[in-house]
Amino acid sequence: MNFNKSLINFRDLSKKYQLIFTITGLLLIISLALCILLPKFVEERLVNDFKRNYTTMTSLVANNLVPAINFRSSDVISDDEIQKAAQSLLELDNLTHLYVSDSLGYRLFKKIKEQNNIQVQLFYPNREDDNYLDSIYGLYVVNKNIENGAERLGTVTAIFSIEEIGETISDLRINIVLVCLILLVLEVWITVFISRLISEPLEILLKTFNKIARGHLNERAEIDTKEEFGQIARAFNKMVENLEESYYELSETSRNMEQKVDLRTHQLQEQIETRVKAEEQLKLTNTMVLSIVNTSPLPILTLSIDFKVRSASPAVKHTFLYEEYEIVDKVIPIIYTHEIEFFSHSLKELTLPNQVEKFIIKGRKKNGTLLDLSVAATAEFDGGDNVTGYIVVIDDITERLVAEKALRDSESKYRSLIEGSVIGIALLRDTSFTFANQSLLNIWGYTNANEFLSTPFTEMVVNEDKEKLLQMFSLRDNAYEDEVTFPIMDIRIITYAGNEKNVEISTNLLRIDDYPYLQITFIDITDRKLAEKQMQEMNSELEERVVDRTSQLNKTLVDLRHEMNNRAKLSKELEFKSEILERTTSVVLVWDNKGDCIFMSQWSTTIFEYDAEQLYGSRIWNMIKPKQHEGVFMTRSDIQMVLSGKKELPTDYFTAEVTTRTNITKYLKLKYSYGQNNTLITAGSEITEQILSRRELELMSSKLAKSLEAEKELNDMKTRFISMVSHEFRTPLTVIMSCSSIITQAIETNKAAIANQYVDKIIKSVKTMNGLMEDVLTLGKVQSTIIEELEPIDFVGFIKQSLEDIVDAYNYASKADVIVKHEIANFYSNEAVLKHIVHNLITNAFKYTTNGKPITITIDEVDNQLVFEVKDQGIGIPPDDMKRLFSNFFRAKNVGKIAGTGLGLHIVKQSVDNLHGVIDVMSEVGVGTTFTVILPKDIRDIIASQRLQSEYEMSPHAEL
């Protein structure tokens, strides 16, 4: 208790004394810590140095005694020899005892200094320890063996006094205390001096505050300095002057208002009495509604705008096993987690007063049991269009959905609940009630239930509201599902006594034995309607009085017009400057220290095709893409760093790419500069046409370069073609010419056998020329990338047939082995294109295998792809020629006199590409070559997609 009082008293002290006491206390603690810890640290260091020095000196003496003890001529060693060897120890003032013993423990020498006190003189060392410190006598004992190699000759025991260490520590403590005292005094003086600089202006301000608080508005704070307190005092004096002027104005206004208040008070007292009566009636109605909620068998929840539970009826515990405190301020834990999004979405649909949203969702009890829930919800409004919360009525329909017949079997079980409810509940078939609880009979004033049930519902409602009932019956009759939503309606009924009442009815559709029934809940809202009517009348009266008050305020507005005229002059000047900026065709953007756009010129919005409000803030960065240009690159983070001083402002222009609202790309040339109030200004112009023109020029240059390259390649191809044709056709033609002359001579001499032999040579030459022409024609065909026809092909049979045709046509010396690893089923391709690949690869394998060794053809299926491999043991391909192997009219340099056009492998490559496959080659000169072709088994979808793309590109839409 005393500590708390001391703490409170310390807080009540002035800041000056609080500062003095706090700093003094901290320094005092630091001083005490230094006085305690520093001497202890120094003492430990001194003792360690002391032990190390004197242990070393004793070791040296033990080493010096080795010769004297080891080589003595008699059993007794003289004291002079020992004193001479131990002279360095005996000269020390700290030495108190010196003993030298032999290996058997007999003492050879003893020296005790007499200047020590009698206790120290009588001290006898403990020989069990090597070295130890005796704190009682203040002595340090060192025992060192006299050793000659591994032989122990004796022991030297030296005892030293450590009194000088204690004296050093004592002197150190005194010096530390003196230094701490000097620092403490100096700190107190500096703290008092600094505190006076702060406390004196504060005391002046505090005194002035207190006088003004007591009503002396003419008081001023007299501080003429230019530092912060002087500025505060001048600002405070200015505020007091304004306050004094306002005080006198308010005093005059207050006197006028008091007279009006007295008159107004009398009028309001009459209004309050009327309103109190209306509020009492409304309170009674609210009490009735609260009673209905508390006794309702259905859980009723009130939710906040973010769907957190504000209150829950007692039925929540019965249905969901939760206490009210367990679910309040939580997001409806009684709803199944996966249904919360649907639940919140349904509530957001409630945008109108008295609108009811009904839906069915999954719920769960506290123990995790899942339930089917029918939810009826309505929104609460703040008197306007703003939703402030929701009221939710939940009905557990789990058992009803499982077996509606069980509801009838348990009717007697729940009848007592319905009969005891304060809400009127009825069951309606056609237009007559088949059930009504006691509360409903009380609303109508009937005592005989049979008489009530025998009366049609339409006859108990005023004529003007019967149309509402007909709408309700129409909904029931046209409902295809039990979950049809009926609106909550207010109707006027005719009681048994002939009076009118206002009731609110909520309706649900039930099907009993497949016949539609209406379950209707009635709430008597007559008192609430009466209270609402009275409130409307009072609001009308208040509005009339507001009109009177408005006429009085109009007079005040006249005085404000003069002030507005002055401001209008300033506004025109600002508008004139703004108009100049708006009419310019320059792009101007202003950024704040967050990197957000806070202003832009009218031309900027024209560039972006957005309103300025849609681009302010950070949204503009979605459309701006800065480009690196001449070392300038500015992003949102760069702007933040520039305005915070962490980065220098670039001085060069840079290009920014902008995406407009219509998704058009434009280009801006911009430059940064500093603005007022820590802002950054970006100014520049649009250079889209210049950029596009430059790009178009670059594109045209690129196309021209490609055209020149293609034309050059075409000329080279023509040259190679002419050279190839002239070379390859010359040999067959020469053979034909020479054979024709020989055939002529053979016919003349009747040598038919010789003629037939040379006819075969002519036929072979013609076949060679025909093959050359077919290669040239095939080259043109394979340029098309669209395969028109696809058909199922037996690839293994196709290979075997092609191999047979090649052998029959050319009669090669080598043999061919066909290895089928997997049967190829469901293979779709174009047979003509496939023939180019197979025929050329197999023919080349035979043609370039001049040594007669066999070739190997392997067929396999890997990952739904056909793998076709042709391997020969021929001349091989030089490594330098591999990169140009598939070019037009190219032949390897080691082919020698083997005939060929240089088109075969180019045709193969084009054909493989057209079938969306890949080809690979491995070769070694003198060893052989292996070609591997991988084709998709079914390319119908690929070809169809390619054909559609081609048709689209040919259509008019492609140009758009």
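This is a predicted model: local features need pLDDT of at least 70, side-chain atom pairs count only at pLDDT 80 or more; totals for chains, interfaces and linings use all residues.
A residue counts as buried here when its relative accessible area is under 20%.

**View 1. The whole chain, to get your bearings.**
Welcome to a chain with 26 helices and 28 strands. Of its 960 residues, 34% count as buried. The chain exposes about 59,900 Å², and carbon and sulfur atoms supply 54% of that area.

**View 2. Thr-58, a buried residue in helix H2.**
Look for Thr-58 in helix H2, which covers residues 15–70. Its relative accessible area is 0%, so Thr-58 is buried. Leaving aside residues up to four places away in sequence, Thr-58 touches Leu-89, Val-142, Lys-144, Val-156, Ala-158 and Phe-160.

**View 3. Thr-930, a buried residue in strand E28.**
This threonine belongs to strand E28, residues 928–936. With a relative accessible area of 11%, Thr-930 is buried. Once residues up to four places away in sequence are set aside, the neighbours that Thr-930 touches are Glu-869, Val-870, Lys-871, Asp-920, Val-921 and Met-922.

**View 4. Helices H22 and H23 crossing.**
Here helix H22 (residues 795–810) meets helix H23 (residues 831–847): their axes come within 10 Å and cross at roughly 50°. The two helices are therefore oblique to each other. H22 passes H23 in a right-handed crossing. On the H22 side, the contact is made by Phe-795, Phe-798, Ile-799, Ser-802, Leu-803, Ile-806, Val-807 and Tyr-810. H23 contributes Glu-831, Leu-834, Lys-835, Val-838, His-839, Ile-842, Thr-843 and Phe-846. Sorted by class, this contact of H22 with H23 has 11 nonpolar, three polar and two charged residues.

**View 5. Helix H23 again, now with helix H24.**
H23 also packs with helix H24 (residues 904–914), at an angle of about 145° and with the axes 9 Å apart. The crossing of H23 and H24 is left-handed. From H23 come Val-833, His-836, Ile-837, Asn-840, Leu-841 and Asn-844, and they meet Gly-904, Leu-905, Ile-907, Val-908, Ser-911 and Val-912 in H24. By class, the contact of H23 with H24 has seven nonpolar, five polar and no charged residues.

Just after H24 you will find His-916, which takes a positive phi of about 60°.

Ile-332 sits in the loop between helix H9 (324–327) and helix H10 (340–348). Although Ile-332 is not a glycine, it has a positive phi of about 30°. Its relative accessibility is 1%, so Ile-332 counts as buried. Asn-826 is in the loop between strand E23 (816–820) and strand E24 (828–829). Its phi is near 55°, again a positive value in a residue other than glycine. At 61% relative accessibility, Asn-826 counts as exposed.

Terms used. Residues are numbered from 1 along each chain as its sequence is written. Side-chain values use heavy atoms; hydrogens and water are left out. Axes are lines fitted to C-alpha atoms, for helices over the stretch in contact, and angles run from 0 to 180 degrees between N-to-C directions. Helices (H or I, at least four residues) and strands (E, at least two) are DSSP runs, numbered from the N terminus. Angles under 35 degrees count as roughly parallel, over 145 as roughly antiparallel, 65 to 115 as roughly perpendicular and the rest as oblique. A crossing is left-handed if the near helix is turned anticlockwise from the far one by less than a right angle, and right-handed if clockwise. Contact means heavy atoms within 4.5 Å. Ala, Val, Leu, Ile, Met, Phe, Trp, Tyr, Cys and Pro count as nonpolar, Asp, Glu, Lys and Arg as charged, and the others, Gly among them, as polar. Buried means under 20% relative accessible area, exposed over 50%, partly exposed in between (1.4 Å probe, protein chains only). Accessible areas come from the Shrake-Rupley method with a 1.4 Å probe; for residues, only the protein chains shown count as cover.
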